[in-house]
Amino acid sequence: MEPAPQARAARRTADDLPAGQPADFLLTGAGQLVTAEPGRGDGPLGLVERGAVAASAGTVVFAGPEADLPELDLAADATVLDAGGRAVLPGFVDAHTHLVFAGDRADEFAARLRGVGYEQALAAGGGINRTVRDTRAATDQELEAETAARLVRAAVGGTTTCEAKSGYGLTVADERRSLAVLAALGARTRVEVVRTFLGAHLIPAEYADDRDGYLDLLEHEMLPACAPLAEFVDAFCDRGALTVEESRRVLVAGRRAGLAPKLHANELGSTGGALLAAEQGCVSADHLLFLEPEEARALAAAGTVAVLLPGTSFMLRTGRAAPVQVLREAGVTIALGTDCNPGTCYSESMQLMMALACVHGGLTPEEAVLAATDGAAHAVGRAGRAGRLGPGAACDLVVLAGRSYQDLAYHVGVNLAALVVKAGVVIARDGADAGVFAAQAPAGGGGPPSP
């Protein structure tokens, strides 16, 4: 067996290689290199056999056959890696998470396994409302520490870009605090954190008899306070949450505040969310367990990405998966996310989501890989920068423990990320943190700066 890929900070001088393209990162020996750029290699994955990647200042300058590697002017302190014949993929992009929360709902999960429904728990004061109470009660330090731990777990599994939402505060101060936690972690860690304002997660309990009052608060006080810390606005448009009309109001107000729209849509029923997402030109519509062909065609026409969350339907035991064939036929771009949250899918693993997307969701391994990389990058506004390995893209990559990307659907229950690189820096090795936290923000930033 060949040795595991080594993340040695090799000290090579310019004399070791002919002078040429400046580079401070070089990976060779990729048995399979997934570029996610079809024109750069074979098939939809742009697959290259015996590939190499070179980068400078966190940006790829070459990705292709090792035999075609140009002359490099390699920096004296360059990082040089040998993949040892293993598969190399773009870093995973998690297109949908709820990372910021306190407490857990393990007992609710156990009750659900005994037959208590999710909506039944929500009506009894559990569900999102319970996490809202716990999150409001947590100190700033507790909230940041718990969120940081989840972000590290995501990173050691290969996630290099992560969308994360507020939504468990539902007051002006607590929603802003949640986004501030994400902003702080985006500055302290190398993982790129894409921030989404989800003050419209649901109507909080104290406004149960005054829904318009809460939406007034959200529009006129919460958005002005939170928009400078976010890039996207989202709403949970479904049974037990917000109506189509309420969600439209939130998205329109969010756009006025400078935020691009996203939408939780059609998870619990055919509630009109998918058509609203298309109408509003949402960057993504997420969940979509209920979707008619005409709705899929509307999403395609609007350029809205379908973010599928197979872990949630699996953990809820809904027996449903998003209608992948309907999405395929309409030509909708597909993305994947973990939906990491305390109630319906407590998982930071994009590897697990790819396996579930194939086994339970109907995607092929190739579709799942693209959905977890380039498709997800489109869903979080990072198309061309994240989720691909080609000149001009971020040098974000994962060296798998196996020799094929197909292992992500086939070899489940283990962390297959032998090495994780973000912007040309090794951040995880053999399932352990090797530098997720950094002294400064990662190359490429984490969205809008904090005020």
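**Cysteines and the sheet**

Modeller: Happy to. Cys 358 is buried, with a relative accessible area of 15%. Keep in mind that this is a predicted model. Cys 395 is buried too, because its relative accessibility is 0%, and the cut-off for buried is under 20%.

Now for bonding. A disulfide is a covalent bond between the sulfur atoms of two cysteines. Searching the whole structure turns up zero disulfides. For Cys 358, the closest cysteine sulfur belongs to Cys 345 and sits 16 Å off, so it is too far for a bond. Cys 395 is in no disulfide either: the nearest cysteine sulfur, in Cys 162, is 20 Å away.

On to the sheet. It is an open one built from eight strands with parallel pairing, and the order reads S6-S7-S8-S9-S10-S11-S12-S13. At the edges you'll find strand S6 (92-94) and strand S13 (334-336), each of which pairs on one side only. On average, neighbouring strands in this sheet are turned by 25° against each other, direction ignored.

Helix H5 (residues 172-188) lies across strand S7 (159-165) and strand S8 (192-200), and H5 runs at about 175° to S8.

Note on methods: Residues are numbered from 1 along each chain as its sequence is written. This is a predicted model: local features need pLDDT of at least 70, side-chain atom pairs count only at pLDDT 80 or more; totals for chains, interfaces and linings use all residues. Side-chain values use heavy atoms; hydrogens and water are left out. A disulfide is a pair of cysteine sulfur atoms within 2.5 Å. Buried means under 20% relative accessible area, exposed over 50%, partly exposed in between (1.4 Å probe, protein chains only). Two strands pair if DSSP finds at least two bridges between them. Helices (H or I, at least four residues) and strands (E, at least two) are DSSP runs, numbered from the N terminus. Axes are lines fitted to C-alpha atoms, for helices over the stretch in contact, and angles run from 0 to 180 degrees between N-to-C directions. Contact means heavy atoms within 4.5 Å.
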